[in-house]
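Below are some notes for a colleague who is meeting this structure for the first time. Please read them with the sequence and the structure in view.

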Amino acid sequence: MTSTDHDPSAAPPHPVPRTVRTFHPRRGRMTGRQTDALGRLFPAYGLDVPDGPGAPVDPAVLFGRAAPVVLEIGSGMGETTAVMAGADPDRDYLAVEVHTPGIANLLDLVERRGLRNVRVARGDALELVRRLPAGSLDAVHIFFPDPWPKSRHHKRRLVQPAHVALLRDRLAPGGSLHCATDWAEYAEAMRDTLDADPELVNAYDGFAPRPAHRPVTKFERRALLAGRPVADLIYRRR
């Protein structure tokens, strides 16, 4: 027998549980323009979000001013974020994405359109949210998250009770949580989850009418052409 057979303190530690990801990392080629934008602009407008414990993120320091903050989870190629931020200069937009070409494309849009109210975080959105102060967000946008349609993958969905509670905690009173999806079953599950949160109130009686301020993306156009109607849900924190 070895010494560890009788000494519990010498036993190997329990393995750390693997984090359940709400996203599937995607690879993609970048254009020369995107590669250039990433290299030049990420140091000024970007934020890396490593896994695990990290330093808190102060939006006022990140943006260099105190203003209402909108968190865009899964900003894709950045067109929606750029359009909304450009039309809403009094609020700051913090976009978080894992797809490097999308991050680079948004940085390029930020420069070309002269947007000063956009910052781009690279990493897991939930890790970023954990670093934000409670009550620091004016709005959270979750547009077309991965529906993870197979039942065994539902645990990976972003909109589920524990995640919603975390997002709601970061919203200021009266702040909004706006979700959109083209997956009908996920839309119903989202509504049930959001309805169940005691601190969130549906701004409409059921699904919301399509907001004019949410731009129509290429992804949404493809969904509509395929016969998948888009559902919007807008809730506010009490």
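1. Two strands are taken to pair if DSSP finds at least two bridges between them. This is a predicted model, and in it eight strands form an open sheet with mixed pairing, in the order 1-4-3-2-5-6-8-7. The edges of the sheet are strand 1 (46–49) and strand 7 (200–202), each of which pairs on one side only, and the twist from one strand to the next averages 20 degrees.

2. Within the sheet, strand 2 (residues 69–73) and strand 3 (residues 92–97) run parallel and are joined by five bridges. Ile73, for instance, has Val96 of strand 3 as its bridge partner.

3. Helices also pack on the sheet, and two of them may be followed here. Helix 4 lies across strand 3 and strand 4 (118–123), running at about 170 degrees to strand 4. Helix 7 (residues 184–196) touches strand 6 (171–181), strand 7 and strand 8 (231–237), and its direction makes about 10 degrees with that of strand 8.

4. How do helix 1 and helix 4 pack, and at what angle? Helix 1 (residues 32–45) and helix 4 (residues 100–112) pack at an angle of about 75 degrees, their axes being 8 Å apart, which means that helix 1 is roughly perpendicular to helix 4. Among the residues that make the contact are Ala37, Leu38, Leu41 and Phe42 of helix 1, together with Ile103, Ala104, Leu107 and Val110 of helix 4. By class, this contact of helix 1 with helix 4 has 10 nonpolar, three polar and five charged residues.

How values were computed: Residues numbered from 1 in each chain as written. Predicted model: local features only at pLDDT ≥ 70, side-chain atom pairs only at ≥ 80, totals over all residues. Heavy atoms only, no water. Axes fitted to C-alpha atoms, helices over the stretch in contact; angles between N-to-C directions. Helix = DSSP H or I, 4+ residues; strand = E, 2+ residues; numbered from the N terminus. Parallel < 35°, antiparallel > 145°, perpendicular 65-115°, else oblique. Contact = heavy atoms within 4.5 Å. Nonpolar A, V, L, I, M, F, W, Y, C, P; charged D, E, K, R; others polar.
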